[in-house]
Amino acid sequence: MPDLSVPELLDLDRRHVWHPYGPMPGRAEPLVVESASGVRLRLADGSGELVDGMSSWWSAVHGYNHPVLNEAARGQLGRMSHVMFGGLTHEPAVRLAKLLVDMSPQGLEHVFLADSGSVSVEVAVKMCLQYWRSLGRPAKQRLLTWRGGYHGDTWQPMSVCDPEGGMHELWSGVLPRQVFADAPPAEYDESYADGLRSMIERHAHELAAVIVEPVVQGAGGMRFHSPAYLRVLREACDAHDVLLVFDEIATGFGRTGALFAADHAAVTPDVMCVGKALTGGYLTMAATLCTSRVAEGISRGEVPVLAHGPTFMGNPLAAAVACASLGLLLGQDWAAEVRRIETGLREGLAAARELPGVRDVRVLGAIGVVQLDHEIDMQAATAAAVREGVWLRPFRDLVYTMPPYVTDDADLARITRAVCAAAREG
Ligand SMILES: *Cc1c(COP(=O)(O)O)cnc(C)c1O
């Protein structure tokens, strides 16, 4: 196939290629990216570069085309890009698992390497259900969560996404029926906490686990809540024999200002999912971590194995890049970088408070959110950001940014100007 011109590419794309949450044939015209470096995406139509305010959905924390990550990938490519994980093992996967155990909350000891965030949530749910089955309590097979969540697009994760207004509403009669608490208030509220406690107690006989995104609810609405709720969940789960799962796929690896959002409350969940920034945005990989209690429980069962094994489990190329990415993160003062970005977002987004149609402006760690009082005009808002030289992907009533940690102050100011422009014109 000869090189395709931009119009040819767009035409073929529209006719043949699904995009996230997209129609077929495609309606909105995507931008064609030719390459990316640092925090910039270079467009193929010759119009120049955009500063990436999205980190490719939370993942590219060190920026694109990073020499250290490139070298890790190249080095691993020369040895092997993949071998099956059944009956075989290799250093990149073992090193990655050890790194994750060492950096994650105390007590998480065992690692299942999955190939995407959604799969890691499936595995987390399977672990919890199987744990209770192995202990002779098969009735414990439902999940409790709070509204406003997002846990991925495959079946079990969809069942714990926000049941209303979310993207999976269509399936409400088909999905497993889970138990939903109200969305957590931003500030700690004792009566809300009491409600959570009594709901967990009331449903304990049928609950395998409580699953939540700790501190920040991402794609379900970009809402923040008090870390004190995590302690409430931990205590109630312990008191009533329910497992606790934290989905840290978006929040993990420093994004909220703590290495993991669980660290804000010094709570260890029984099971934890990570993904997105795990490989620095290079390759698809996620992981499900669990405690020895969960692993040993499963191993005591009538089926003493965890029956899950994706073809590309533990992919050496992704694992090698993940090790390098975590090395980069831990090898610098990541917390200072995230604090610097937090300050820049607070200063730059303050102006958005004065805009008509803006309901709320909130910042936590390297996450900045402007919430409107209306559904955004996505095309107009995206175009406004692009005119400011920035890539943003607003949705619902939200314009938000989670920049790469390497974004310098000038580019950060550009991003916040673009968020304000998108909020004004969306
Ligand atoms: C993105 C995300 C997922 C799903 O991860 P994929 O890699 O897209 O399957 C699950 N949970 C949370 C909190 C996420 O942000």
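S55 is buried, at a relative accessible area of 0%. Buried here means under 20% relative accessible area, exposed means over 50%, and partly exposed is in between, with a 1.4 Å probe and protein chains only. This is a predicted model, where local features need pLDDT of at least 70, side-chain atom pairs count only at pLDDT 80 or more, and totals for chains, interfaces and linings use all residues. Residues are numbered from 1 along each chain as its sequence is written, and side-chain values use heavy atoms, with hydrogens and water left out.

Back to S55. Its phi is positive, about 50°, although S55 is not a glycine. S55 sits in helix 2, residues 55-58. Helices are DSSP runs of H or I with at least four residues, strands are runs of E with at least two, and both are numbered from the N terminus.

Y21 also has a positive phi of about 50°, and Y21 is not a glycine either. Y21 belongs to the loop between helix 1 and strand 1. Is Y21 buried or partly exposed? Partly exposed, with a relative accessible area of 48%. P25 lies in the loop between helix 1 (6-16) and strand 1 (33-37). The M24 to P25 peptide bond is cis, with omega near -5°.

Now the cores. A nonpolar core is a set of buried Ala, Val, Leu, Ile, Met, Phe, Trp, Tyr and Cys residues joined through side-chain atoms within 4.5 Å. The largest has 93 residues; L96, L100, V210, F253, V370 and L392 touch the most other members. Helix 13 (residues 409-425) gives this core its largest share, seven residues. Apart from it lies another core of 26 residues, including F112 and C290.

Take L392. Beyond four places in sequence, its contacts (heavy atoms within 4.5 Å) include G53, M54, Y400 and A422.

Next, the ligand. Which residues are around the ligand? They are S116, G117, S118, Y150, H151, G152, E213, D247, I249, A250 and K276. The cut-off is a residue heavy atom within 4 Å. By class, this shell has three nonpolar, five polar and three charged residues.

A polar backbone atom of G117 is 2.8 Å from a ligand oxygen. A polar side-chain atom of D247 is 2.6 Å from a ligand nitrogen. A side-chain N or O atom of K276 is 2.6 Å from a ligand oxygen. Alone, the ligand exposes 390 Å², and the protein buries 82% of that. Those areas are Shrake-Rupley, with a 1.4 Å probe.

Conventions. Polar contact = N/O pair within 3.5 Å; in protein donor to acceptor, adjacent residues only side chain to side chain. Nonpolar A, V, L, I, M, F, W, Y, C, P; charged D, E, K, R; others polar.
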